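I opened the model and took the topics in turn.

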Amino acid sequence: MTCRVNGVARTEAVSVRMSLADFLRDVLGLTGTHLGCEEGQCGACTVVSDGDTVRACLMLAVQADGMAIETIEGASDSGRLADLQEAFHARGALQCGFCTSGILLTADAMLSETRPVDRRAIRAGLTGHICRCTGYHAIVDAIAETAAKRSGQ
């Protein structure tokens, strides 16, 4: 299987039953993709696949053949998430951090859309993520703040 992960071409032999999350974590050592529920409900394993956010626990590694995959490591290293990360830090929008990588990638995808993002849209966009520490208010605040800054308000 050959794919691009965080901009780097990777060719690996993988089991046909290996999930993309296990491939990223166990084969490539990219542990920012977390495994929580392994049913696609918690969002901790969210990655970007060919520009769309996906749950890496629900996708087989072989399905990524020919695709471009971006993990939290790649998105963070590129600097694309710096404003979101700064807002999360300033607002206390993370505690244990387990859910944060998936939420950051989802938030960035929401903020990249052409339609305006308000608090209701942010809450709707986060419905596939479970955070047991923060109560979501600070997360919504941080994303709303970043949305306002990105739109020049």
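**Entry 1**
I looked up strand pairing and found Thr46 opposite Arg55 in S4. The model is predicted: local features need pLDDT of at least 70, side-chain atom pairs count only at pLDDT 80 or more, and totals for chains, interfaces and linings use all residues. Residues are numbered from 1 along each chain as its sequence is written, and side-chain values use heavy atoms, with hydrogens and water left out. Strands pair if DSSP finds at least two bridges between them. S3 and S4 are antiparallel, with four bridges.

I then checked the turn. Asp50 lies in the loop between strand S3 (46-49) and strand S4 (52-55). This hairpin has two residues between the strands, and Asp50 takes a positive phi near 50° there. Asp50 is not a glycine. At 47% relative accessibility, I noted Asp50 as partly exposed. The classes are buried under 20% relative accessible area, exposed over 50%, and partly exposed in between (1.4 Å probe, protein chains only).

**Entry 2**
I repeated the check on strand S1 (residues 2-5), which is joined to S2 by four bridges in the antiparallel sense. Arg4 faces Ala9 in S2. The loop between S1 and S2 holds Asn6. Two residues separate the strands in this hairpin, and the phi of Asn6 is positive, near 55°, although Asn6 is not a glycine. Asn6 is partly exposed, at a relative accessible area of 27%.

**Entry 1. Nonpolar cores.**
I next listed the nonpolar cores, each a set of buried Ala, Val, Leu, Ile, Met, Phe, Trp, Tyr and Cys residues joined through side-chain atoms within 4.5 Å. The largest has 25 residues, and those with the most contacts inside it are Leu81, Leu84, Phe88, Leu126, Ile139 and Ile143. At least two residues of this core come from each of helix H2 (72-77), helix H3 (82-91), helix H4 (100-112) and helix H6 (137-150). H6 gives the most to this core, with seven residues. Apart from it lies another core, of 18 residues, including Leu20, Ala21, Ala56 and Ile69.

For contacts I took heavy atoms within 4.5 Å. Not counting residues up to four places away in sequence, Leu126 touches Ile103, Met110, Ile139, Val140 and Ile143.

**Entry 2. Leu105.**
Is Leu105 buried or exposed? Leu105, in helix H4, is buried, with a relative accessible area of 1%. With neighbours within four places in sequence left aside, its contacts are Thr46, Val47, Val48, Thr53, Glu70, Thr71, Ile72, Ala75, Arg80 and Leu81. I also recorded a C-alpha separation of 15 Å between Leu105 and Ala144, which are 39 residues apart along the chain.

In soluble globular proteins, nonpolar side chains tend to be buried together. I therefore looked for exposed ones and noted Val16, with a relative accessible area of 59%. Val16 sits in the loop between strand S2 (8-11) and helix H1 (20-27). Together with Leu60 and Val62, Val16 forms a nonpolar patch on the surface, with about 230 Å² of accessible area together. Patches are made of residues with over 30% relative accessible area and no salt bridge, with like charges joined within 9 Å and nonpolar side chains (Val, Leu, Ile, Met, Phe, Trp, Tyr) within 5 Å. A salt bridge is a side-chain nitrogen of Lys or Arg within 4 Å of a carboxyl oxygen of Asp or Glu. Accessible areas come from the Shrake-Rupley method with a 1.4 Å probe; for residues, only the protein chains shown count as cover.
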